[in-house]
Amino acid sequence: NDPLRGIFRFYELMAPVMDDKDIVFLGEGNTPIVQSSPQLSAELDGQKLAFKNDGQNPSASFKDRGMACAFSFLNYLIRTQGADDILAVCASTGDTSAAAALYASYASDKIKSAVLLPQGKVTPQQLAQPLGSGATVLEIPGVFDDCMKVVEHLADNYQVALLNSKNAWRILGQESYAFELAQWYDWDLEGKAVFVPVGNAGNITAIMSGFLKMYDLGIITALPRIFGVQSHHADPVYRYYAEAPKKRKYAPVEVEPSVAQAAMIGNPVSFPRVRYFAEKFEAIAGEGSFQVVQVSEQDIIEGMLLANRHGHISCTQGGECLAGLVKARQLGLISADETAILDATAHMLKFIGFQNMYYENTYPAEYGITPKPELANMPELVI
Ligand code: F0G
């Protein structure tokens, strides 16, 4: 269990004040970049693409990168400041809470966790995770944005550690995604485009921040292009960037049910940081280096099914990235020769209920999903 493995290979870039003995390492990071199967690439008209499978992290999502760093910092506080009773709290669409609860239960008996979830809007697997880790689980009637208001109030008024991506240590840890990607491609990111599903916007912030850090240090000499992807049922960032630069005005949106449930967020807390880093990208790499595309619910679930049918293990948010790539191709924003790297942010098994609803044709009307017979044609289930 060498603490300098995984994301902590890059600790000089992420968290220089940390000491080895504070590091909480559960094997996060080093996730594979899996080249597209020839079948998937052929379906997409010869598109070059790959998935970075961040679902292969310990709690099965990219959140572990940030939690490893944030809980290492809490351990540092315990060691250096004598803190001995820390309550780690977060609002979550299911993955942040799974990761926070896991790392809290591992890091120290001086840390307890409490997570706030929108009732009925996380998958059974995601609900089982914090329960299994011994967290206090609070279900709030409403959506993620309502949970976020409650934890922000807690963080402003009480001595708690906020583990959402407002926590800078989370962002630092999640920058490791960019470092790993750059290393995988031998520090040559010319002709690469990274597709990222956007919810609370912490992930895309961290990824852009990581690439810019490497660029500023001369570790890479070209930035990849960044494509944020949002569902038409939760698209405040898309709406902002869809306007001409002078007309842009940010407004939260009311979310509607989404199969990319983990990204179903109407008022992303990290939106100001996205704007900050997007401007930096454009200043260095010009127009088109940062873009946001919008996809439909039907596109997202079919993206997931298409990827998985051709040998990948994509969650719905990975399907959202694939749908975003198809959309970007249709809009002429990317060519088949540019390599698209799709961020499969969680493991497919967390979101498998959405696949099964497609095959069983049981989607509630609010999703607006009608299964296509040619895709719904499953091998027969014999009991
Ligand atoms: N994909 C997955 C699997 C997620 O869990 C999330 C966010 C996103 C994409 C969007 O990333 O928020 O950084 O823009 N999940 C958070 C949670 C909100 O509470 O688990 P983001």
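**Exercise 1.** How far apart do the end C-alpha atoms of residues 25–339 lie, and what percentage of the span is helix and what percentage strand?

*Solution.* This is a predicted model, in which local features need pLDDT of at least 70 and side-chain atom pairs count only at pLDDT 80 or more, while totals for chains, interfaces and linings use all residues. Residues are numbered from 1 along each chain as its sequence is written. The end C-alpha atoms of residues 25–339 lie 31 Å apart, and the span is 45% helix and 16% strand, where helices (H or I, at least four residues) and strands (E, at least two) are DSSP runs numbered from the N terminus.

**Exercise 2.** Find which residues come nearest to the ligand, and which elements contribute to the shell around the ligand.

*Solution.* Of the 21 residues around the ligand (C-beta atom, placed from the backbone, within 6 Å), the nearest are Ser92, Asp95, Gly199, Asn200 and Ala262. Two or more residues of this shell are given by each of α4 (95–107) and α9 (202–216), and the largest share, three residues, belongs to α9.

**Exercise 3.** Describe how helix α12 packs against helix α14.

*Solution.* Helix α12 (residues 297–309) and helix α14 (residues 352–360) pack at an angle of about 100°, with their axes, which are lines fitted to C-alpha atoms over the stretch in contact, 10 Å apart. Angles run from 0 to 180 degrees between N-to-C directions, and because 65 to 115 degrees counts as roughly perpendicular, with under 35 roughly parallel, over 145 roughly antiparallel and the rest oblique, α12 is roughly perpendicular to α14. The contact (C-beta atoms, placed from the backbone, within 7 Å) is made by Ile301, Met304 and Leu305 of α12 together with Phe354, Gln355 and Tyr358 of α14.

Notes:
Contact = placed C-beta atoms within 7 Å.
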